[in-house]
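These entries record what I looked up in the structure, beginning with the aromatic side chains.

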Amino acid sequence: MTRAFLVVLDSVGCGGAPDADRFFNGDTPDTGANTLAHIAQACAAGQAEQGRRGPLQLPNLDALGLGRAITLASGDAAPGLGAEPTGLWGAATEISPGKDTPSGHWELAGVPVPWNWTYFPETTPAFPDALIAEVCQRAGVDGILGNCHASGTKIIAELGAEHIRTGKPICYTSADSVFQIAAHEDHFGLDRLLELCAGLAPSLHAMKVGRVIARPFVGTVEAGFARTTNRHDYAIAPPAPTLCDWAQAAGRKVHAVGKIGDIFSMQGIDDVRKGADVDLMGHLSGLVDTAEDGSLTFANFVEFDSLYGHRRDVSGYARALEWADAQLPGLFARMRPGDLMLFTADHGNDPTWVGTDHTRERVPVLGHGVGRRDIGLIGFTDVAALIAAHLGIEHA
């Protein structure tokens, strides 16, 4: 019985979304954004030399068809990515009305989002009084810090000392449909933070805010603060059965790597492995060795997005891509006959673009294990159908 590994390289878009003009970074529409092509172009021009050098080197993904997928999706050239495809390759277009993590992942798993998400205004304060009151009541405090749009790393640097002094949680949002709470693991307490976010989630989900995110951090005023890997997302449950549920209904195991369990509210998930991306690659490698016949492994590697895309760090994004690409031969060598490992993304986050938000883009779809196959332009939901067909399971 064959196995499937669905690997989401978070935010690794390839441009060309036909509705990009409806999505914005500030006042600038996402028309023309292209995460992969623009990184490759910057590398080729010598503009991404921090911690790396020269043209973008992704020989293993390119051999599957990455360069062709970029051109298919957008018409853009990606210097250095021009190999003749040997794997499954194409590009996918999203229809959900959002360029966020839940929308992309749910639709890749077969379920487009049927509603419009709620986004908090770019004002200070950003949150309604009733929500602030509930935070205070649940946390046992007389106020919050933040109450604005902010970068998570910047706001803990700015407010971490006051948080420790007052005990008030740091509440902030972004261009995504999220409500985030940062708190010190020792001074506020990790369990207390997680309990607070879990308790708030039903109210925020009723508002169609996609996720409540616990953002724990550690450190001191003198040495500085740093976020930990104990982040937890409390996401709205998918509105219909997804690929994960289809697999479980067929009696298959579903293994989650990274934040997949959070994104799907553990619906259709048997177990979860978490950590930084380097740890997640180790978990994925272990599952290549141990995952059961007929199983689905669903992985998300978030740091392309969280560490480099939002921070508009072209060199860092290129380094991360090259690191991930270099891990692939070791995975491919240990896959079993008939296994499929499919690589895709949930949206774009072009580090050369204005602003700090995701960018509306098509995404590459690349597969190893089933020979050369040109799948052309498909929908996000076709990714789920492709995996289901490979596993021989029924789907919606």
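**Entry 1: aromatic rings.** I worked on a predicted model. I first noted a cluster in which ring pairs connect Trp106, Trp115 and Trp117. Trp115 also carries a charge over its ring: the charged end of Lys208 lies 4.9 Å from the ring centre. I then searched the whole structure and found 10 aromatic pairs. One of them joins Phe127 and Phe179 edge-to-face, with 4.7 Å centre to centre and 75° between the planes. I located Phe127 in the loop between helix H4 (101-108) and helix H5 (129-139), and Phe179 in strand S7 (residues 178-184); the two are 52 residues apart, and the pair links distant parts of the chain. Both Phe127 and Phe179 are buried. For Phe217 and Phe225 I read 5.4 Å between ring centres and 80° between planes; planes over 60 degrees apart count as edge-to-face, so this pair is edge-to-face. Phe217 and Phe225 are both buried as well.

**Entry 2: a further charge over a ring.** I recorded Arg192 over the face of Phe188, 3.9 Å from the ring centre.

**Entry 3: strand S15.** Which strands pair with S15? I found that S4 (residues 88-93) pairs with S15 in the antiparallel sense over five bridges, and that Trp89 stands opposite Leu366 of S15. Strand S14 (residues 340-344) also runs antiparallel to S15, joined by three bridges. Within S15, His368 is the bridge partner of Met341. Finally, I checked burial: five of the six residues of S15 (residues 363-368) are buried, so the strand is largely enclosed by the rest of the structure.

Technical notes. Residues numbered from 1 in each chain as written. Predicted model: local features only at pLDDT ≥ 70, side-chain atom pairs only at ≥ 80, totals over all residues. Heavy atoms only, no water. Buried < 20%, exposed > 50% of the residue type's maximum accessible area, 1.4 Å probe, protein only. Helix = DSSP H or I, 4+ residues; strand = E, 2+ residues; numbered from the N terminus. Pairing = 2+ DSSP bridges. Phe/Tyr/Trp six-rings, centres within 6.5 Å; stacked < 30°, edge-to-face > 60°. Lys NZ or Arg CZ within 6 Å of the ring centre and 35° of its normal.
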